[in-house]
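Morning, everyone. I'll take a few minutes on side-chain contacts and backbone angles in one model, and then stop.

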Amino acid sequence: MVDENKQNNKREQWKKNVLDNLKREAVKNIIARTGDLARLDAKVNNTYTVYIKDGRMIKQPTNGKCVVINGKIQN
């Protein structure tokens with residue numbers, strides 16, 4: 001009986017870890033897709049995307065040439 005409880009606890013812990021990892025991957029995919037959609041939307045509307053990379057705010061027009069805006073971002 002004790003061994004069964006240990007096995008069930010291990011199994012439940014394993015399931016929890018797997019689900020947590022799947023949730024993280026899902027969030028990563030959503031973030032990546034959001035960036036892709038922003039770039040596509042900018043291209044369709046002939047505008048630009050703005051994002052933060054390495055602590056700097058970057059403005060990227062549809063031609064792909066990046067421009068740094070306002071120097072370094074304070075954290």
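I'll go through the salt bridges, then a surface patch, then the strands and loops.

First, the ground rules. This is a predicted model, in which local features need pLDDT of at least 70 and side-chain atom pairs count only at pLDDT 80 or more, while totals for chains, interfaces and linings use all residues. Residues are numbered from 1 along each chain as its sequence is written, and side-chain values use heavy atoms, with hydrogens and water left out.

Start with charge. Side chains of opposite charge can pair when their charged atoms come close. How many salt bridges does a search of the whole structure find? The count is 4, where a salt bridge is a side-chain nitrogen of Lys or Arg within 4 Å of a carboxyl oxygen of Asp or Glu. Glu 12 and Lys 15 sit 3 residues apart in helix 1, about one helical turn. Helices here are DSSP runs of H or I with at least four residues, and strands are runs of E with at least two, numbered from the N terminus.

On exposure, buried means under 20% relative accessible area, exposed means over 50%, and partly exposed is in between, with a 1.4 Å probe and protein chains only. Glu 12 is partly exposed at 47%, and Lys 15 is partly exposed at 39%.

Next, Lys 16 and Asp 20 form a salt bridge with their closest N and O atoms 3.2 Å apart. Both lie in helix 1, 4 residues apart, again about one turn. Asp 20 is partly exposed at 24%, as is Lys 16 at 45%.

Then Glu 25 and Lys 28, whose side chains meet at 3.7 Å, N to O. They are 3 residues apart in helix 1. Lys 28 counts as exposed at 52%, and Glu 25 as partly exposed at 42%.

Now the nonpolar side. Trp 14, Val 18, Leu 19 and Leu 22 form a surface patch with about 420 Å² of accessible area together. Patches take residues with over 30% relative accessible area and no salt bridge, joining like charges within 9 Å and nonpolar side chains (Val, Leu, Ile, Met, Phe, Trp, Tyr) within 5 Å. The areas come from the Shrake-Rupley method with a 1.4 Å probe, and for residues only the protein chains shown count as cover. Val 18 is in helix 1, residues 2-44, and qualifies as partly exposed because its relative accessible area is 31%.

On to the strands. Leaving out residues up to four places away in sequence, Thr 49 touches Ala 38, Arg 39, Ala 42, Ile 58, Lys 59 and Gln 60, contact meaning heavy atoms within 4.5 Å. Lys 59 also lies over the face of Tyr 48, 4.3 Å from the ring centre; the test is NZ of Lys or CZ of Arg within 6 Å of the ring centre and within 35 degrees of the ring normal.

Last, the loops. Most residues other than glycine have a negative phi. Asn 46, which is not a glycine, has a positive phi of about 55°. Asn 46 lies in the loop between helix 1 and strand 1 and is exposed at 61%. Asp 54 also has a positive phi of about 55°. Asp 54 is in the loop between strand 1 and strand 2 (56-61), exposed at 66%.

That's my part.
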